[in-house]
Amino acid sequence: MKKRFTTLLNNNRLVHAYLFEGDGNELAMWLTKQVFCKIISDEPCGECSSCRRINVHNHPDVHVIEPDGQAIKIDQIRLLQKEAAYKGVEGSKQVFIIKQADRMNPQASNALLKFLEEPFQDTLSILIADKRDSILPTILSRVQTIRIDVSNSLEREARSKGYTSHKSLPILSTVMTSIEEFEKHQEVVDE
Ligand SMILES: [Zn+2]
């Protein structure tokens, strides 16, 4: 997936809006860094001033929107539109990451739809949501959906919790849907 994005990026073929369905936070951060990284390579360098500021959520041309309380509200989308209307602070590019995009109230959804229908040049929007079904079909028609492999992220989570020597980890994580389920069964499976 990352390789594909790098190729698209290098050939200027990224579409203007994506929906990452599933655990898309990591890929969104990776892609954002790859867009802004000053060193052209297969991976963002992680060390240039762009990468470093994105890591600490302090890049002027990267805008992250997430629910304010229960939902994403129209004012947040209006702010996004306003920022997109200006050119990027440092270059022309801007990235908008909309987390939990399935938690938009109807007014916000409609405002976002308008934004996606008339995209500003050099803007990349990344919507992240657990389930594609919970997003307005009209919005879905404006974005390219990328399904994030849940099993991979579960495996990663299990490894980060210290189950590194678990031989059946890759297989397990394709049949289990949560880390709790994995932990409940892991002893049994280990025997
Ligand atoms: Zn970099």
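**View 1. Overall organisation of the predicted protein chain.** In the protein chain, 66% of the contacts between residues at least 6 apart in sequence join residues at least 24 apart, a contact being heavy atoms within 4.5 Å. This is a predicted model, in which local features need pLDDT of at least 70 and side-chain atom pairs count only at pLDDT 80 or more, while totals for chains, interfaces and linings use all residues. Residues are numbered from 1 along each chain as its sequence is written, and side-chain values use heavy atoms, with hydrogens and water left out. The protein chain contains nine helices and five strands, where helices (H or I, at least four residues) and strands (E, at least two) are DSSP runs numbered from the N terminus. Their order along the sequence is α-β-α-α-β-α-β-α-β-α-β-α-α-α. Of the 191 residues in the protein chain, 42% are buried (buried means under 20% relative accessible area, exposed over 50%, and partly exposed in between, with a 1.4 Å probe and protein chains only).

View 2. The structure holds five aromatic pairs, for which rings of Phe, Tyr and Trp (its six-membered ring) must have their centres within 6.5 Å, planes under 30 degrees apart counting as stacked, over 60 as edge-to-face and the rest as tilted. One of them joins Phe5 and Tyr18 in an edge-to-face arrangement, at 5.3 Å centre to centre and with 85 degrees between the planes. This pair links distant parts of the chain, since Phe5 lies in helix α1 (residues 2-10) and Tyr18 in strand β1 (residues 17-21), 13 residues apart. The rings of Tyr18 and Phe20 have centres 6.4 Å apart and planes at 45 degrees, so this pair is tilted.

View 3. Five of the five residues of β1 are buried, so the strand is largely enclosed by the rest of the structure. Both of its faces are covered, with Ala17, Leu19 and Glu21 buried on one side and Tyr18 and Phe20 buried on the other. Strands count as paired if DSSP finds at least two bridges between them; β1 pairs with strand β4 (residues 123-129) in the parallel sense over five bridges, and Glu21 stands opposite Ala129 in β4. Strand β5 (residues 144-147) also runs parallel to β1, joined by four bridges, and here Phe20 stands opposite Ile146.
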